[in-house]
Amino acid sequence: MTLDRAKEIVTNRHDYAREWKKKTGSKVMGYFCTYVPEEIVYAAGVLPIRVIGSHEAQSYTEPHIYTMFCPFSRDVLAQGLRGKYDYLDGIMIGHSCLHLRQAFGAWMTNVPASFSYYMYTPAKIQSPHAKEMMLAETTEFKKAVENWLGRPITDDALDKSIEVYNTNRRLLKQIYELRKADPPPLFGSEAIELVLSSQLSDKAEHNKLLESVLKELPQRRNGPQGGNIRLMIIGSEDDDTNFLRYVEGLGATIVADEHCTGSRYFWNETVPEKDRLRAIGNRYMNRPPCPTKDWESRRRFVHIMNMAKEYNIQGAILVQQKFCDPHEFDIPPLKALLEKNGIPSLFLEFDITVPIGQFRTRVEAFLEMLQLEVV
Amino acid sequence: MVTSIKKYQTRPLDSFKKAVELRKEYYQNVREAKQQGKLLITGGADSMVALPAGLGDYVFFEGEPYGATISMDPEFSGKCVEAAEAKNFARDMCAYMRNYWGSMFLNKYYFGGEFPKPDFVMQLGFCDTHAKWMQQVGEYMNAPYFGIDMPVGTPGRNVEAKVKYLTSQMNDAIEWMQKVTGRKYDDDKLREAVRNECKSSTLWSEIVCYNKAIPAPLEQRLIFTLFIICILRRYERKSVEFYETLRDEVKQRVADGIAAVATERCRLMDDSQPPWYFLQLYKYMEKYGVSVVGSHYSFFLGGSLEEMPDGSLGAPKTPDEMGMPMKTREDILRAYALWYIKKPIISQMFALPHFKSETMLRLVKEWKVNGVIFHLNRGCEGTAMGQMENRLALTKAGIPVMTYEGNMADRREFDEAQTLRRIDAFMESLGLSKLES
């Protein structure tokens, strides 16, 4: 089953990137947040991969990041300090939360790379002027990449990159569409692995993987059972697929998600226009927002409630990286909104490692409560 | 490194009383804005507070100083943070905000009466908290909310685009403010407020430069009392007048060799906001002959420093002094946008840690500092950002550093005894013992 290949990419992500580098002779750039215009990097012939943690207890980051910052940012930095990403030629970040920006700053200072770039991605994406600002920033970023590589990034390369990225988004969305069925043909943990593997691999290769998955899913016999509780997971960065497997082993199926490791990453496509950089930037301004960019009005909740309805969910698990301020702002009003719409929710706070026994008890109790509601 | 014991002449600062009066008057104005026929606007302390000036008389009720004020009262602060937590907001969120929110949820203004209902909410978003803090306020108070996005990013990059982004948003804000208040906008009043703000800021910057002197004419506790006017009322003429008087007084103190700490024999800096409810910390250090001469935070929250022709850090020029045109609304907004883009508190602290480290190293050198104390502040992720990298940079440069954990406005996260013991150990490492002994 091709789904196993996605899991393999996620599990052996460093091997994948090293092999890609060896095979192509090209550079690899690690990015710290999904608010970066990956298409520009890809058009330059450089492989953009998302830097994620390893969920292992560590003490490397203590001298660099104070423990009040989120476990994801600390886990990410730990990977750099441990040399796990020693094959990276460059790193970059788009302006989003302070936590990850600090991990980036510490990485930049302590882990050598020939290219490092902090790009301002507008925070008030609702402003009519955000797109112009984004254009100015993507233009500067493109120039910086060109200077780094010593060659121009052509319009033709940008067009191809946009097309490859759009295809990837379209295919992922087609797979997500299948999750509306009861039972859906794939588990939520597998869906997240598909998105994660997209963030960690060459999109052109990944498109082939997704096409195979789409062909295979209708024939699949070992997918989720019908009649399971339909759950949605919502919140912070979440690449802990082991935890999702636990949940799905308890009589529930995760049918939808709202994470930057899930639907927020690929939900909308780049709408091509003559000014390629403008087109690329506009997509990031129009995508389902991270809470840190969701003001003055709350557009994020619209995306969540649409998904909740379309995927016919019965309950939601609100996942928050401990100390993640942007999500801490949204969770109380979101919980209230879900309740108002008859959707019970369970709040779980994630650390680098999760207390699986304790969480299991809480999830079991939550599912029992949902089961009673169904009866 | 540590200088020999000597007793300097000291005397009370005349401007101290005036600063206290102006602060008191400000909080009265917040309470009585409506009766006085003034608009009441709420937002963060680093908002573009001069912008509403074109609407006529107003009071800008700033969130962070109010949260800090509440934190000094254990009983009321306890009720406030618990009220915020009762609404399911996490206790690791901004402590200023939880005090402010709690006061709002309880509908109790610390200075008496109900929590003041703003005519509108206006915020400058540059960290994870500010824009979302005021989103909640707007919703809870049923008040219209306008947020301006501060393009942080790498300092010096894309400056023209950043200016355009800010001025476009300010123009939108002006249109929006006219719509929600029904008032007409007067550019002359905007010009005056921007001038006041920039002048207050440069005067404050000039004042902190006098603290390079040995002995330092001001110490950190005093600085906190004095800098607040440049935060709360910087758009007012009263602020400029206050800082002109203060500047002259501090200048005279330097000329007369007046010290803030008579026994100054060691000069320290600290970092981040202090635990506001335990400012005795500075008094405690005085027992060792320590004068805390300032910090990145206390210098830059209201001020700014730039390189002078002789290579030293000094007060920047105002837009008028730089010869920038201030005739049209566009001129004024451009000058104002540039002023904010250059603010070190935003461009350094909220960008990447090495920008702040570089400035801290310069401050240490020019203010003749013997060591730095970092308050690892659980109450503010913004000022805590990069602190550990700043610490490493200073350590690498051979500067003695100590850290203590705490929270600027939630005393539940502060251990007084442990902090004092850490200070004792740090003093010992600097070769200092208590002067009484």
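1. The largest cavity of this predicted model has a volume of about 240 Å³. Of the 20 residues that line this cavity, A:C97, A:L100, A:E237, A:C260 and A:C290 are the closest to its centre. Two helices of chain A, α5 (98-110) and α14 (325-340), are the elements that give two or more residues to this lining. By class, the lining of the largest cavity divides into ten nonpolar, six polar and four charged residues.

2. Seven nonpolar, four polar and five charged residues make up the lining of the second largest cavity. Since domain 1 (3-153) and domain 2 (157-374) of chain A both give residues to this lining, the second largest cavity also lies between these domains.

3. Turning to open sites, the largest pocket has a volume of about 590 Å³ and is lined by 37 residues, of which B:A68, B:Y96, B:I228, B:W276 and B:Y297 lie nearest its centre. Several helices of chain B, namely α1 (15-32), α2 (63-71), α5 (130-141), α8 (220-227) and α16 (381-384), each supply at least two residues of the lining of this pocket. The largest share of that lining, five residues, comes from α1(B). The lining of the largest pocket has 25 nonpolar residues, together with seven polar and five charged ones.

4. The largest nonpolar core has 292 residues, and the residues with the most contacts inside this core are B:L51 and B:W101. Helix α6 (residues 130-149) of chain A gives the most to the core, with ten residues. Domain 1 (3-153) and domain 2 (157-374) of chain A each contribute at least three residues to this core.

5. Which residues is B:W101 in contact with, leaving aside its neighbours within four places in sequence? The partners of B:W101 in chain B are B:A84, B:F89, B:K132, B:W133, B:Q136 and B:V137, and A:F329 of chain A is also in contact with B:W101.

6. Helix α13 (residues 300-310) of chain A may be examined by its buried side, which is made of A:R300, A:F301, A:H303, A:I304, A:M305, A:M307 and A:A308. These buried residues of α13(A) pack against the helices α7 (155-178), α11 (263-266) and α14 of chain A, and also against the strands β5 (229-235) and β6 (252-258) of that chain. Just after α13(A), A:N312 takes a positive phi of about 50 degrees.

Conventions. Residues are numbered from 1 along each chain as its sequence is written. Chains are lettered from A and ligands numbered from 1 in the order in which they are written. This is a predicted model: local features need pLDDT of at least 70, side-chain atom pairs count only at pLDDT 80 or more; totals for chains, interfaces and linings use all residues. Side-chain values use heavy atoms; hydrogens and water are left out. A nonpolar core is a set of buried Ala, Val, Leu, Ile, Met, Phe, Trp, Tyr and Cys residues joined through side-chain atoms within 4.5 Å. Buried means under 20% relative accessible area, exposed over 50%, partly exposed in between (1.4 Å probe, protein chains only). Helices (H or I, at least four residues) and strands (E, at least two) are DSSP runs, numbered from the N terminus. Domain bounds come from an automatic or database domain assignment. Contact means heavy atoms within 4.5 Å. On a 1 Å grid over the protein atoms alone, a cavity is a set of points where a 1.4 Å probe fits but cannot get out, and a pocket is an open set with protein on both sides within 12 Å along at least five of seven lines; lining residues have an atom within 4 Å of a point. Grid points are joined across faces, edges and corners, and a volume is the space filled by probe spheres set on the points. Ala, Val, Leu, Ile, Met, Phe, Trp, Tyr, Cys and Pro count as nonpolar, Asp, Glu, Lys and Arg as charged, and the others, Gly among them, as polar.
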